[in-house]
Amino acid sequence: NSMEVEDVVPNRLKKAKHFIRSLLAQLKGDRVGLVPFAGSAFVACPLTTDLDYVLETVEILNPTIVVNQGTDIGIGIDTASRALDRAAEENRKDARDPLSSRVIILISDGENQEEKAIENANKLKASGAKLFVIGIGTEKGGPIPVRDPTGNLHGYKKDQRGT
């Protein structure tokens, strides 16, 4: 839900989608996948060269697509890493190609709330893959909007201090 915070224009999720669209526009022949995460993660789009399909998947992302709220960066890294491993097993030729690379671009708006992020990042590094982290949002942050299913604003989520 914090991806709906409007501390960047128009909000964090839309800014992340814009970044992904810009990145995809520069790729040629690369396989790309998509793993949304919060308190859990899943492969929304397995590795593919069909960048139009990836773009379609990006467009349907919303805060409710991952049921468990939170920021578990470790599970995001682990899920993406396992997707890379499965793809390498399915296409062993690319895995041995010295020109091929395995990269995860992690886009997050928050601090990690679980313990496995560093451990999973180190495992990823040991496997030869690269991890790039993109932060979305400002240090000050902002309130999390509460919207109804039609998108109408009903107020803002309160933190534990009631602010």
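At what angle do helix α3 (residues 73–90) and helix α5 (residues 117–126) pack, and how far apart are their axes? Select both helices in this predicted model, and the angle to look for is about 25 degrees, with the axes 7 Å apart. Because angles under 35 degrees count as roughly parallel, α3 is described as roughly parallel to α5, and α3 passes α5 in a left-handed crossing.

Next, show the side chains between these two helices: on the α3 side, select Ile73, Gly74, Ile75, Ile77, Asp78 and Ser81, which meet Ala117, Asn120, Ala121 and Leu124 of α5. Coloured by class, this contact of α3 with α5 shows six nonpolar, three polar and one charged residues.

From α1, step back to the segment before it, where Pro10 is found. Centre the view on the peptide bond that joins Val9 and Pro10, which is cis, with omega at about -5 degrees.

The last stop is the second largest pocket, which has a volume of about 260 Å³. To find its centre, select Glu4, Pro63, Thr64, Arg147 and Asp148, which are the closest to that centre of the 14 residues that line the pocket. Extending the selection to the whole lining of the second largest pocket gives five nonpolar, six polar and three charged residues.

Key
Residues numbered from 1 in each chain as written. Predicted model: local features only at pLDDT ≥ 70, side-chain atom pairs only at ≥ 80, totals over all residues. Heavy atoms only, no water. 1 Å grid on protein atoms, 1.4 Å probe; cavity = no way out; pocket = protein on both sides within 12 Å on 5 of 7 lines; lining within 4 Å. Points joined across faces, edges and corners; volume = space filled by probe spheres on them. Nonpolar A, V, L, I, M, F, W, Y, C, P; charged D, E, K, R; others polar. Axes fitted to C-alpha atoms, helices over the stretch in contact; angles between N-to-C directions. Helix = DSSP H or I, 4+ residues; strand = E, 2+ residues; numbered from the N terminus. Parallel < 35°, antiparallel > 145°, perpendicular 65-115°, else oblique. Left-handed = near helix turned anticlockwise from the far one by under 90°. Contact = heavy atoms within 4.5 Å.
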